[in-house]
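Dear colleague,

Please find the structure below, together with its sequence. My notes on it follow.

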Amino acid sequence: KWLLDSKTDFFGKLSVGFSIKRYILSYFCLLAKSGCSQWNLRLTAEFHMTNDSHLFKQEPGKGRLPLYEGKMIHQFTHLYAEPRYWVDEAEGRKALLGKKIDNGQKLDYQCYRFAYRAIARSTDSRTFIGTIVPTNVVCGHSLNVTLPLQDNRYMLVICATLNSLIFDFALRQQVSSNLTMFFIYQTPVPRLKSGDKYFWDIVQRAAKLICTAPEFDELAQEVGLNSHREGVTDETERAKLRAELDGIIAHLYGLTDAEFAYILTTFPIVPETVKQAALAAYRTFAPKSGKP
């Protein structure tokens, strides 16, 4: 309702001027709205760093799960820093289940999940920072995490889309310091489905960026890679994959060349080489003459 009724377009600060309204179709949907597609994003917080601190151990050990915090991840990177704390799995399960009986049922932490930093600023190089975290880790409240999806391909699409420069630009019009779930839920994203144009292009590139350690072997195999050894660790090649994702996602948002070029100028701290690579990728993936 806000998007449709607001006097200012969602991307209203664009000097070239365009409206996101013309793209809000069945393909474009707020993440909080159910029934838009095959998948829907649901976010949660797990352990509170103060209220649950009695569960945190300062040394790893048998039966202990690493506790992930916001500063431990970066875009497409699950281990940007080492963990400070660990949680005894039995104690953690009890806390997560509450009054429910533990019958050995599979809990969220035993699945791959998308997580993002809950603290962010519009003046940073990038406002949104997220990745997929491995199985058998728990998260502190400086990370918001998704509930597991039945098909992890969609989680890879979510990771790529939300880490894009376009999504970041949208958030910067709203966020000051705390990147609450509300901001994520209220930002429109393209709901790609299997078989849609660019779906596998995004899935494959995101998988190569994320599946760089043995704990991601299962995810890698799920999306057609043999193992984490097919993941990309070379920084030059990673930069190329990220630029291609930014270019593809700019097309999903229906941006013209001029509109995307303008958005790139609003990231003063992002290196110029990164922005030019994204713009070049956008032009590479542009539909050929005569194609829709």
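Which residues in α8 meet which residues in α10? Ala243, Glu244, Asp246, Gly247, Ala250 and His251 in α8 meet Ala277, Ala278, Ala281 and Tyr282 in α10, where contact means heavy atoms within 4.5 Å.

Before the further findings, a word on their basis. This is a predicted model, in which local features need pLDDT of at least 70 and side-chain atom pairs count only at pLDDT 80 or more, while totals for chains, interfaces and linings use all residues. Residues are numbered from 1 along each chain as its sequence is written, and side-chain values use heavy atoms, with hydrogens and water left out.

**The chain as a whole**

The protein chain has ten helices and ten strands; these are DSSP runs numbered from the N terminus, with helices being H or I of at least four residues and strands being E of at least two. Of the 292 residues in the protein chain, 51% are buried. Buried means under 20% relative accessible area, exposed means over 50%, and partly exposed lies in between (1.4 Å probe, protein chains only). Among the contacts in the protein chain with a separation of 6 or more, 72% are between residues 24 or more positions apart.

**Helix packing**

Two packed helices are described by the angle between their axes and the distance between the axes. The axes are lines fitted to C-alpha atoms, for helices over the stretch in contact, and the angles run from 0 to 180 degrees between N-to-C directions. Angles under 35 degrees count as roughly parallel, over 145 as roughly antiparallel, 65 to 115 as roughly perpendicular, and the rest as oblique.

Helix α8 (residues 235–252) packs with α10 at an angle of about 55°, with the axes 7 Å apart. The two helices α8 and α10 are therefore oblique to each other, and their crossing is right-handed. A crossing is right-handed if the near helix is turned clockwise from the far one by less than a right angle, and left-handed if anticlockwise.

Helix α9 (residues 257–265) also packs with helix α10 (residues 272–284), at an angle of about 165° and with the axes 10 Å apart. That angle makes α9 roughly antiparallel to α10. The contact is made by Asp257, Phe260, Ala261 and Leu264 of α9 and by Lys275, Ala278, Leu279, Tyr282 and Arg283 of α10. The crossing of α9 and α10 is right-handed.

Leu279, found in helix α10, counts as buried at 7% relative accessibility. Leaving aside its neighbours within four places in sequence, Leu279 is in contact with Asp257, Phe260, Ala261 and Leu264. The C-alpha atoms of Leu279 and Ala261 are separated by 6.7 Å, although the two residues are 18 residues apart along the chain.

Helix α3 (residues 152–162) is largely enclosed by the rest of the structure, because eleven of its eleven residues are buried. Among them are Arg153, Tyr154 and Cys159.

**Residues in loops**

His78 lies in the loop between β4 (64–68) and β5 (85–88) and counts as buried at 8% relative accessibility. The side chain of His78 makes a polar contact of 3.3 Å with the side chain of Glu215. A polar contact is a pair of N or O atoms within 3.5 Å; within protein, one must be able to donate a hydrogen and the other to accept it, and residues adjacent in sequence count only if both atoms are side-chain atoms.

Tyr109 is in the loop between α2 (89–97) and β6 (113–117) and is buried, at 1% relative accessibility. The side chains of Tyr109 and Arg93 are joined by a polar contact of 3.0 Å. Not counting residues up to four places away in sequence, Tyr109 also touches residues including Glu46, Leu65 and Asn136.

Most residues other than glycine have a negative phi. Asn136, in the loop between β7 (130–133) and β8 (138–139), has a positive phi of about 65° although it is not a glycine. Asn136 counts as partly exposed, at 35% relative accessibility. Tyr198, in the loop between β10 (188–190) and α6 (199–210), has a positive phi near 80° and is buried, with a relative accessible area of 7%.

**Cysteines**

A disulfide is a pair of cysteine sulfur atoms within 2.5 Å, and by this rule the count comes to zero disulfides. Cys111 is buried at 18% relative accessible area, and Cys139 is buried at 0%.

With kind regards
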